[in-house]
Amino acid sequence: MVNLVAAQKPLLHGLMKMAGIVPHTVEIEPGTTMNIWVPTETINKPTKSEKTATCKTNKPTKPVVVLVHGFAAEGIVTWQFQVGSLTKTYSVYVPDLLFFGGSITDNPDRSPTFQAETLVKGLRKLGIERCTVVGFSYGGMVAFKIAEMYPEMVEAMVISGSILAMTDSISTATLEGLGFSSSSELLLPTSVKGCKALLKVAAYKKLWFPNRLHKDFLEVMFNNRKERAELLEGLVVSTKDTRIPNFPQRIHLLWGENDQIFNLELAQNMKEQLGDKATFQGIKKAGHLVHLERPCVYNRCLKQFLASLHADRARK
């Protein structure tokens with residue numbers, strides 16, 4: 001029987017190519033490769049005499065926006081409603097983090113720091129010197145690491161449904177509040193029931209899908225289970241060892257007001273911790289999956305923030 005989720009992948013890939021981005025494999029180092037969707041205009045296709053050569057890339061010609069996905073799906077699945085809204089004005093890059101969407105490593109490091117280091121190496125190989133990073137959930141934590149470690153590269157950040165770091169206290173409180181015993185139980189479901197439970201806490205509206213679609217989603221989207229479970233383990237840090245970095249960048253927190261995973265109180269507390277350069281904007285009738293539930297509103301808010309960055313650059 002045909003897997004319905006797998007059958008839709010070529011359609012999604014086609015839509016992304018129509019929007020102006022194509023997949024490109026970047027070798028970070030021996031044993032580590034990252035799949036990154038890049039602007040079509042940056043690809044130099046090999047000539048007929050260079051059939052075995054890999055495609056080379058040019059530097060982007062427009063302001064760069066990097067969209068970093070969360071834990072339940074790869075890049076273009078997460079950001080499918082944002083890409084087409086941005087590509088006319090921006091050079092959009094959509095990476096698949098390690099162990100998602102074909103990105104792989106033989107390095108045993110599973111920390112967000114290693115994800116950040118790997119992604120930055122990949123972006124630099126593509127000629128990116130400066131960018132705005134948009135991070136959702138797990139991708140937001142990776143984005144914070146990039147901004148902390150490479151401030152010269154990150155001009156600004158937009159963060160949705162995420163936190164600075166997954167401390168043991170936040171992890172325990174969040175899981176207990178949602179009724180899950182572990183992050184793996186929540187984010188790596190093994191059954192249709194588990195998949196429905198994840199969707200229930202992630203979305204504001206009650207969404208119904210047939211059991212077969214949940215089953216097909218489990219088969220396609222939750223591969224590399226061992227490695228992803230290790231990523232979740234590597235995510236949690238001691239509350240005592242956590243400090244708030246002094247970010248030089250503007251940080252815009254763009255939130256679903258009904259987010260059950262990282263609620264409004266967490267978002268508002270984080271805004272206060274981040275200081276004057278942080279701003280907050282809530283989107284009504286949206287949960288953790290705010291960019292998928294209210295894409296038109298989300299895109300409008302995102303583009304307004306990006307336009308304000310352009311205005312800031314023009315005044316300097």
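Arg250 comes out as partly exposed, at 27% relative accessibility (buried means under 20% relative accessible area, exposed over 50%, partly exposed in between, with a 1.4 Å probe and protein chains only). This is a predicted model, in which local features need pLDDT of at least 70 and side-chain atom pairs count only at pLDDT 80 or more, while totals for chains, interfaces and linings use all residues. Residues are numbered from 1 along each chain as its sequence is written, and side-chain values use heavy atoms, leaving out hydrogens and water.

Arg250 pairs up with Asp312 in a salt bridge, with 2.6 Å between the closest N and O atoms (a salt bridge is a side-chain nitrogen of Lys or Arg within 4 Å of a carboxyl oxygen of Asp or Glu). The two sit 62 residues apart, Arg250 in strand E12 (residues 250-256) and Asp312 in helix H13 (residues 295-315); helices (H or I, at least four residues) and strands (E, at least two) are DSSP runs, numbered from the N terminus. Asp312 is partly exposed too, at 21%.

Another salt bridge joins Glu257 and Lys284, at 3.7 Å between the closest N and O atoms. Glu257 lies in the loop between E12 and helix H11 (264-274), and Lys284 in the loop between strand E13 (278-283) and helix H12 (290-293), so the pair ties together parts 27 residues apart in sequence. Glu257 is partly exposed at 28%, whereas Lys284 is exposed at 56%.

Lys59 and Glu129 also meet through their side chains, at 2.9 Å from N to O, despite being 70 residues apart. Lys59 is exposed at 52%, and Glu129 is exposed at 56%.

Elsewhere, Arg110, Lys226 and Glu230 are linked in a salt-bridge network. The structure holds 12 salt bridges.
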